[in-house]
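Subject: Structure handover

Hi,

Here is the structure for you to look over.

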Amino acid sequence: MDDVSQSFSYTARRTTYLTIVCSLGFLFLAESGGVALLVTLLSHNLWLSLAINLSHLALCLFIMKMMLAVLFTRHQLTKTALQLRYGSSLNVQIPYSAILDIQPVRDMQATAQPVSARYDAGKQRITACFSDQGQLLLRCIHPLPLKLGRKEYQVSNLLFNVDQRDTFLAQIALLRATGTAEEPAELEFAPVQKSSPAPTAPGLAGKTQKSALPLQKSAIRLQGLTRTFADFVAVDHVQMTIQEGEIYGFLGSNGAGKTTTIKMLVGLLEPSSGQVWMGEYNVWQDPVAARALIGYVADRALLYERLTGREFLQFLAQIRGLSEELAERRITHLLEMLALSDQAGQLCGSYSFGMKRKLALAAALLHEPRILILDEPLNGLDPRSARYIKDLLLQLAAGGTTILLSTHDLATAEAVCDRVGIFHRGRLLAEGSTSELRQLAGAGAADLETVFLQLIQEQKAEVTA
Ligand SMILES: Nc1ncnc2c1ncn2[C@@H]1O[C@H](COP(=O)(O)OP(=O)(O)OP(=O)(O)O)[C@@H](O)[C@H]1O
């Protein structure tokens, strides 16, 4: 087994539990002892009474052992996996790479059940709790075959308790970040270079300056992505890789193909050819798993006009399967963060355009997606809100969220994006950081606007030549 980084027990209410178990054990022992004594007196058979007494004692010890076992809960964080141990029936290892997320919850129902670990086939859940304090719900990316007792089950999520829940979450977040970087064997794709030029950029390939990145997982990958409408090629063999935690901007004039590309990424428009991956999932072969990773804000916000802002978010939280308590906490936080708290009780239909966009962003962030895809996120926002959203995007990316946004606003791209991809007539003309693109465009390109116009000009010249 790997080195144990930290181990967590669960002791809340241990004394109360121990008192209850001991009292019950004592009562059971006294009662069964009385019955055994009665049998001895009535039967006058020494061997029979001895056998009855011994079997009662064995039964008592067995029940006590079962009930006390849960007190020896011990969860360990190793370099690559979380080892969950609860009583004598559950002892499983879950690799960090298999974990979708871990959320604090409070499921009272779970603790109203017997204390032994159990499996719920409907939810594909193992519940290993004996208190509603310090509960965590771990969701797996894929159902995992895990053993409970002697049986193996397909498990999508596990409910368990830990002491020091916040420390546990912080520690596991750290280990997941470092643990995955130490697992090159699990990388779906070879490490790529930050500004690998798009093969669909004739005449420009090789011009971008490459800068090597530390080993990272790709969050989004497009391979030969193409979409035609009748004879018109709206997106033409686009090839790109976006790394985890990167902010990537799609730049391009009207009709360049940005929205069409985004729609294919989020599973709304089927590509004519080519492939798209979100993390390890192919969007068109494994759509449910891929979409679970994404938060998406369309260029036109679609809201339920007859619900209030808060009701709309509550409705989406239910669809996303968030517990009521967690949903309320996140909704309140997001409404505050996006300065919508005062309007949360008003109907969405009465919201201004900018407010609708902010509410759509809150909706996309509800399930804390690993990948955020935003089509023109700053359109229609006042300068203060726009500034606020930009800061928020930087914060999210610093926390590891991958962000892909499309924009016409070159200043935004320059201020926020790690890299930009310039689209023109459905093709990815060039990509790189703004300084790389400036170099690419040659002397005199002082800003992204000059680069953008120059690249498009070059492209026109190439087409006419
Ligand atoms: N459903 C459709 N049927 C036919 N043509 C379409 C369809 N959707 C998009 N197009 C065409 O594909 C091209 C790319 O459109 P897209 O919306 O992707 O551009 P864009 O870069 O997002 O533009 P903008 O910045 O103006 O939003 C356009 O010429 C558009 O007319």
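Below is what was found, starting with confidence.

This is a predicted model. The mean pLDDT of the protein is 80. Of its residues, 85% reach 70 or more. For the complex, the predictor gives an ipTM of 0.97 and a pTM of 0.57.

One stretch needs care. Over residues 179-215, pLDDT stays under 50. The model has 72 contacts beyond four places in sequence for these residues. Where pLDDT is low, predicted coordinates should not be read in detail.

Next, the ligand. Around it sit F229, A234, G252, N254, G255, A256, G257, K258, T259 and T260. By type, this shell has six polar residues, three nonpolar and one charged. Which helix gives the most to the shell? Helix α5, residues 258-265, does, with three residues.

Then there is a helix pair. Helix α7 (residues 309-319) packs with helix α9 (residues 353-365) at an angle of about 25°. Their axes are 10 Å apart. Angles under 35 degrees count as roughly parallel, so α7 is roughly parallel to α9. The crossing of α7 past α9 is right-handed.

On the α7 side, G309, F312, L313 and L316 make the contact. On the α9 side, L359, A362 and A363 do. The residues of this contact divide into six nonpolar and one polar, with no charged.

Best wishes

Technical notes. Residues are numbered from 1 along each chain as its sequence is written. This is a predicted model: local features need pLDDT of at least 70, side-chain atom pairs count only at pLDDT 80 or more; totals for chains, interfaces and linings use all residues. A residue is near a molecule or strand if its C-beta atom, placed from the backbone, lies within 6 Å of it. Helices (H or I, at least four residues) and strands (E, at least two) are DSSP runs, numbered from the N terminus. Ala, Val, Leu, Ile, Met, Phe, Trp, Tyr, Cys and Pro count as nonpolar, Asp, Glu, Lys and Arg as charged, and the others, Gly among them, as polar. Axes are lines fitted to C-alpha atoms, for helices over the stretch in contact, and angles run from 0 to 180 degrees between N-to-C directions. Angles under 35 degrees count as roughly parallel, over 145 as roughly antiparallel, 65 to 115 as roughly perpendicular and the rest as oblique. A crossing is left-handed if the near helix is turned anticlockwise from the far one by less than a right angle, and right-handed if clockwise. Two residues are in contact if their C-beta atoms, placed from the backbone, lie within 7 Å. pLDDT is the predictor's confidence in each residue, from 0 to 100.
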